[in-house]
Amino acid sequence: MAAATAVAEADPAGTEGGTGFSGVQSSGWSESQLRKYPFPTKPIPRLSHRDPRAEILIDNEEPVVLTDTDLVYPALKWDLNYLQENIGGGDFSVYIAQTHKFLYYDEKKMSNFENFAPKSRRVEMKFQEFVDKMDEMEKAGGDERVYLQQTLNDTVGRKIVVDFLGFNWNWINKQQAKRNWGQLTSNLLLIGMEGNVTPAHYDEQQNFFAQIKGYKRCILFPPDQFDRLYPFPVHHPCDRQSQVDFENPDYEKFPNFKNVIGYETVVGPGDVLYIPMYWWHHIESLLNGGTTITVNFWYKGAPTPKRIEYPLKAHQKVAIMRNIEKMLGEALGDPHEVGPLLNLMIKGRYDHVFS
């Protein structure tokens with residue numbers, strides 16, 4: 001975290017239970033629109049993509065907000081009316097939840113946990129149906145919410161294709177090439193209601209998170225805070241998600257969460273946040289901030305180097321832990337036996353030997 005911390009500490013740092021903005025208010029949002037959480041944060045640097053410090057941060061796989069890439073410039077005109085007219089008649093994946101939290105889950109892993117009940121459900125609907133549903137919920141004023149999350153594909157209309165082709169592919173392709181990242185795996189279109197929250201999770205891909213409409217707060221945590229965020233087991237449908245409820249943390253179950261420190265920013269139209277692989281991220285559309293529109297650019301990470309350098313980095317250790325869980329699940333034939341075996345293997349054996 002050396003480079004990110006050095007840049008971030010040039011700005012006011014967060015206080016205990018506060019934000020990394022220290023009363024900051026921009027022309028598009030105010031601190032009153034941010035939810036309150038019981039942990040400190042520091043600001044993520046906001047830099048021009050021409051600033052050499054931005055390149056250093058990305059090289060070190062540390063987050064940075066790039067303010068002037070023009071990555072999605074043709075899409076900055078997108079709003080619900082424009083998309084209704086031009087996005088096409090295909091089906092869109094829409095999640096419906098009874099609360100503002102949209103906890104991700106892997107439908108393929110649901111059979112591993114018979115009693116698992118997802119907090120949201122996915123339905124397919126036309127774009128007009130989604131807009132109507134969102135209007136209906138906003139007028140009702142209840143807790144139910146929707147969140148569209150759809151990979152951009154060849155069903156979109158011609159004007160959307162033209163906008164998409166007009167993205168700054170020259171810049172982002174250079175970012176991919178100079179770091180030897182793998183292929184672009186998807187562009188995910190995200191359209192959410194004000195106040196929607198995607199709870200903390202990490203991805204196994206590099207991500208340029210491009211904001212198009214509205215404002216989103218993004219709180220990130222480095223991979224070395226793995227033990228403070230208590231991810232679900234690998235075989236659980238909520239794999240890669242934190243078990244901790246940020247709004248009401250259970251410190252008896254999750255005592256290390258008291259030591260968590262976040263890095264945060266608010267992104268607005270035209271901003272691009274680099275979210276490195278294995279970095280935890282909690283994302284929320286600002287309260288009373290209207291509809292938000294975002295497009296993700298997900299890339300596979302660089303291939304594992306032939307020569308491993310030691311000591312290993314935190315994200316490499318996370319990958320090793322994931323592989324151990326996966327291998328044990330396959331060897332034991334029952335994912336429910338993984339936890340007891342790991343406990344049996346280490347309990348009391350390493351507490352004093354290396355101290």
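Select Glu 204 and Arg 322, whose side chains meet in a salt bridge with an N to O distance of 3.3 Å in this predicted model. Glu 204 sits in the loop between β8 (197–201) and β9 (206–213) while Arg 322 belongs to helix α8, so the pair ties together parts that are 118 residues apart in sequence. Glu 204 is partly exposed, with a relative accessible area of 32%, whereas Arg 322 is buried, with a relative accessible area of 4%.

Arg 240 lies in the loop between α7 (226–229) and β11 (262–267), and its relative accessibility of 23% makes it count as partly exposed. Its side chain is joined to that of Asp 203 by a polar contact of 3.0 Å.

In the loop between α7 and β11, select Asp 239 together with Lys 109, which lies in the loop between β4 (92–97) and β5 (120–125), 130 residues apart from Asp 239. The side chains of Lys 109 and Asp 239 meet in a salt bridge of 2.9 Å, N to O, and both residues are buried.

Then turn to Arg 217 and Glu 284, a salt-bridged pair in which the closest N and O atoms are 3.4 Å apart. Because Arg 217 lies in strand β10 (residues 216–221) and Glu 284 in strand β13 (residues 280–285), the pair ties together parts that are 67 residues apart in sequence. Arg 217 is buried, with a relative accessible area of 2%, and Glu 284, at 1% relative accessibility, likewise counts as buried.

Now colour residues 144–314, where the UniProt record, an unreviewed entry, places the feature "domain: JmjC". Over this range the chain is 13% helix and 35% strand, with the end C-alpha atoms 38 Å apart.

Is Asn 187 buried or exposed? Found in strand β7 (residues 184–192), Asn 187 counts as buried at 5% relative accessibility. A polar atom of its side chain lies 3.3 Å from the backbone oxygen of Asn 296, and its contacts beyond four places in sequence include Phe 164, Trp 169 and Phe 297.

Finally, return to helix α8 (residues 314–332) and select Ile 324, which at 36% relative accessibility counts as partly exposed. Ile 320, Ile 324 and Met 327 make a nonpolar surface patch of about 270 Å².

Technical notes: Residues are numbered from 1 along each chain as its sequence is written. This is a predicted model: local features need pLDDT of at least 70, side-chain atom pairs count only at pLDDT 80 or more; totals for chains, interfaces and linings use all residues. Side-chain values use heavy atoms; hydrogens and water are left out. Patches are made of residues with over 30% relative accessible area and no salt bridge: like charges are joined within 9 Å, nonpolar side chains (Val, Leu, Ile, Met, Phe, Trp, Tyr) within 5 Å. Accessible areas come from the Shrake-Rupley method with a 1.4 Å probe; for residues, only the protein chains shown count as cover. A salt bridge is a side-chain nitrogen of Lys or Arg within 4 Å of a carboxyl oxygen of Asp or Glu. Helices (H or I, at least four residues) and strands (E, at least two) are DSSP runs, numbered from the N terminus. Buried means under 20% relative accessible area, exposed over 50%, partly exposed in between (1.4 Å probe, protein chains only). A polar contact is a pair of N or O atoms within 3.5 Å; within protein, one must be able to donate a hydrogen and the other to accept it, and residues adjacent in sequence count only if both atoms are side-chain atoms. UniProt positions are given in the numbering used here, feature names are shortened, and annotations may be inferred rather than shown by experiment. Contact means heavy atoms within 4.5 Å.
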